Amino acid sequence: TLRNVKQIVVAPHGNYIGVYPEGKPGELRRRLAIPEEAFLFLSFGLIRGYKGVDALIDVFCHELADETSYLLVAGDPHTPEVGEMLRKLACGCDRVHLMLGFVPSDQVHALFDAADAAVFPFREVFMSGSVLLAQSMGTCVVTPDLPCMPMSGADGAFTYDPSRPEGLLRAMRRCRNASVEQASWKAKRSARNRDWSTTGEIMVEALSDRKSTRLNSSHTDIS
């Protein structure tokens with residue numbers, strides 16, 4: 001239970017623009033034999049149960065694995081069992097590529113350069129650095145519409161109601177049929193608005209106010 005809500009300060013998470021070194025455009029698609037004209041969905045980040053990557057693979061394999069779409073899952077499974085589950089789900093679907101394991105920093109940019117959109121089918125989440133990373137890379141995103149992570153088309157996001165069984169599928173189809181160039185431009189613009197200087201100013205002000213409060217309290221105690 002929070003005793004004093006006024007002591008809580010919320011600051012926006014800064015972006016990742018310029019953090020990761022750029023790669024060679026097109027190299028990853030050539031290595032995975034993914035045609036340039038194909039639509040590539042990317043799932044990126046540490047793989048845990050709440051992130052819904054299993055549901056994503058299942059939906060893709062049964063509904064979207066046609067001649068125009070591919071899915072690339074890149075990230076480190078939380079446990080060996082999670083990795084094995086994903087391999088079983090993807091077995092027999094040659095349009096799903098699994099890159100399971102730690103992704104070195106010099107390969108991150110190449111993943112987003114290759115992708116048309118990044119998908120984050122969270123079952124529950126408070127905040128996502130991976131979504132902000134995708135936006136920072138200028139990649140539009142597919143995400144659930146959750147109160148703690150409000151996003152819209154203005155942020156380059158294709159959102160869906162996670163309580164609806166067809167929600168993820170419909171959002172992915174909307175994304176695939178939309179102008180991803182425009183959506184990705186909006187995603188990058190949204191990330192630029194979350195600069196670290198703003199975050200720093202908010203935190204410095206909060207810490208200064210806290211320090212002043214403590215000093216005033218100590219003076220009151222002495223008197």
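The entries below go through strands, cysteines and cavities.

**Ground rules.** I'm working with a predicted model, where local features need pLDDT of at least 70, side-chain atom pairs count only at pLDDT 80 or more, and totals for chains, interfaces and linings use all residues. Residues are numbered from 1 along each chain as its sequence is written, and side-chain values use heavy atoms, with hydrogens and water left out.

**Strand β1.** I checked burial next, where buried means under 20% relative accessible area, exposed over 50%, and partly exposed in between (1.4 Å probe, protein chains only). 6 of the 6 residues of β1 are buried, so the strand is largely enclosed by the rest of the structure. Phe39, Phe41 and Ser43 sit on one side, with Leu40, Leu42 and Phe44 on the other.

Who are the partners of β1? Two strands pair if DSSP finds at least two bridges between them. β1 runs parallel to β2 over 6 bridges, and 2 bridges join β1 to β4, also parallel. Leucine 42 stands opposite leucine 72 in β2 and opposite alanine 118 in β4.

I also traced β1, helix α2 (residues 53-64) and β2, which make a right-handed β-α-β unit. Right-handed means that, with the strands pointing away from the viewer, the path from the first strand over the helix to the second runs clockwise.

**Strand β5.** Next I looked up β5 (residues 140-144), where 5 of the 5 residues are buried, so this strand too is largely enclosed by the rest of the structure. Cys140, Val142 and Pro144 point one way, while Val141 and Thr143 point the other. β5 is joined in parallel to β4 (residues 117-119) by 3 bridges and to β6 (residues 157-160) by 4 bridges. Alanine 117 is the bridge partner of cysteine 140, and valine 141 has alanine 157 in β6.

**Cysteines.** How many disulfides does a search of the whole structure find? I got 0. A disulfide is a covalent bond between the sulfur atoms of two cysteines; the test here is a pair of cysteine sulfur atoms within 2.5 Å. The sulfur of cysteine 140 is 4.1 Å from the closest cysteine sulfur, in cysteine 175, which is too far for a bond. Cysteine 140 is buried at 0% relative accessible area, whereas cysteine 91 is exposed at 64%.

**Cavities.** A cavity is a set of points on a 1 Å grid over the protein atoms alone where a 1.4 Å probe fits but cannot get out, and lining residues have an atom within 4 Å of a point. Grid points are joined across faces, edges and corners, and a volume is the space filled by probe spheres set on the points. I count 2 cavities of 30 Å³ or more.

Of its 14 lining residues, the closest to the centre are Ser43, Phe44, Lys51, Val53 and Phe120. β1 and β2 (69-75) are the elements that give two or more residues to this lining.

The second largest cavity has a volume of about 40 Å³. Its lining includes Lys24, Glu27 and Asp113, and α1 (27-32) and α4 (105-114) each supply at least two residues.

Methods: On a 1 Å grid over the protein atoms alone, a cavity is a set of points where a 1.4 Å probe fits but cannot get out, and a pocket is an open set with protein on both sides within 12 Å along at least five of seven lines; lining residues have an atom within 4 Å of a point.
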